[in-house]
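This report covers the pockets of the model and one of its strands.

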Amino acid sequence: MESRLLSERSSVFHHADPYAVSDYVNRHVGQHCIGLSHSTHPQASLSHRSFAELDLCRISYGGSVRVTSPALESIYHLQVLLRGNCLWRGHRREQHLVPGELLLINPDDPVDLTYSDDCEKFILKVPTRLLDSVCEQQRWQRPAGGVRFVRNHYRLEELEGFVNLLAMVCQEAEVSEPLPRVQGHYSQIVACKLLTLMNTNVQRESLGAATASLERILDYIHHNLKLELSAESLAEQACMSVRSLYALFDRTLGTTPGQYVRQRKLERVHACLSDASCPVRSVTELAMDYGFLHLGRFAERYRQHFGELPSETLRQHR
C-alpha cells in the first residue's frame with residue numbers, strides 16, 4: 001500500500017532538518033508545532049503535491065516527535081499511518097494508530113500526536129469549502145456549523161475502495177502534464193467518498209427523498225426570500241413535480257406555495273420596517289428588494305395584513 005501513495009518523484013526533503021520540514025508543512029499542509037527530544041538528531045523526509053483543491057503529503061520525521069496545534073481552522077486532515085505507530089490524544093480519549101489505520105481530524109479539533117521513531121504518514125489536506133460545495137451540489141443537508149466527522153478513526157479495510165482511490169489520485173498528481181479539469185473531478189470524487197464512507201453530521205437525503213420534510217423546503221424559502229421563489233423553482237429545488245408541491249402545501253399548511261412565499265416576504269418587510277436598527281432608506285427600495293414590483297398592490301396587501309400602510313410603520317419606528 002505505502003508504495004502507491006506518492007513516489008520519490010514528489011520528494012521535497014530527504015534526510016533533512018525536521019524543523020525545515022515542519023516549516024514547509026506549515027506553509028502548505030497545516031499549521032502546527034513540533035517537539036523533538038534534545039538527545040536525538042533525526043533526519044526527516046517529505047513528499048508533497050498540490051492537487052486541485054487538495055494537498056497530498058507523505059512525511060516521516062526520522063525520530064520520536066510530538067505534533068500539536070490548537071486547531072486546523074479551515075481544513076480537514078486525513079492521515080493514513082504507513083509505518084511505525086502514532087498516539088493520538090483526543091477529547092478525553094487516546095488512540096494508538098498502527099499501519100493500515102486512518103485518522104480524520106476536524107477543523108476545530110485540537111491536534112496532539114506523538115510519532116514513533118519509525119513513523120511515516122500519508123496526509124490528505126481537504127479544505128472545508130470543498131466538502132461544503134459537494135453538499136450543495138448533492139443537495140445534502142449540513143448543519144450551519146459546517147461538516148463534522150463524528151467518527152475519527154477507521155481501518156482502511158472498512159472503507160471499500162478508498163485506498164485505491166487515494167492511489168489513483170497520487171498517480172494522477174505525479175503525471176508529467178497534469179490536467180486541471182481531471183484533477184478537479186478527482187477532488188470532487190474524493191470529497192464525495194469521504195462524506196459517504198465515513199460517519200458525519202451531514203444528512204444525505206435530498207429534498208426529494210421519501211424522508212424529506214416540509215421543514216426543509218420552508219427553510220430554503222426562509223433563507224432565500226429576496227429571490228423570485230416561483231412554484232416551479234421550489235419544485236425544482238425539492239426534486240418533485242409542481243403538482244406534488246401544491247398538494248404538499250395544501251395538505252400541511254392549507255395554502256399554496258405562492259401565497260406562503262408572499263406572506264413570508266410581507267412579514268420580513270414588516271420586521272425590517274419595525275426595527276430601528278435595520279438600514280431602510282425607503283419603503284419602495286425595501287419592497288423591490290423582496291420582489292414587490294407593483295407598489296400599489298404591495299401597500300394594499302401590507303395594510304390588509306398589518307392594519308397600516310408600510311410608510312406608517314416606518315414613521316413610527318424611526
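## Largest pocket

The lining of the largest pocket divides into six nonpolar, six polar and six charged residues (nonpolar: Ala, Val, Leu, Ile, Met, Phe, Trp, Tyr, Cys and Pro; charged: Asp, Glu, Lys and Arg; polar: the others, Gly among them). A pocket is an open set of points on a 1 Å grid over the protein atoms alone, where a 1.4 Å probe fits, with protein on both sides within 12 Å along at least five of seven lines; lining residues have an atom within 4 Å of a point.

The volume, meaning the space filled by probe spheres set on the points, is about 680 Å³ for the largest pocket. Among its 18 lining residues, Trp140, Gln141, Arg142, Asp219 and Tyr220 are the closest to the centre. Helix 2 (128–138) and helix 5 (214–222) each give two or more residues to this lining; helices (H or I, at least four residues) and strands (E, at least two) are DSSP runs numbered from the N terminus.

## Model and conventions

The model is predicted: local features need pLDDT of at least 70 and side-chain atom pairs pLDDT 80 or more, while totals for chains, interfaces and linings use all residues. Residues are numbered from 1 along each chain as its sequence is written, and side-chain values use heavy atoms, without hydrogens and water.

## Second largest pocket

The second largest pocket has a volume of about 400 Å³. Of its 18 lining residues, Arg262, Lys265, Gly291, Phe292 and Arg301 are the closest to its centre. Helix 8 supplies the largest share of the lining, four residues.

## Strand 9

All five residues of strand 9 (101–105) are buried (under 20% relative accessible area, 1.4 Å probe, protein chains only).

Methods:
Buried means under 20% relative accessible area, exposed over 50%, partly exposed in between (1.4 Å probe, protein chains only).
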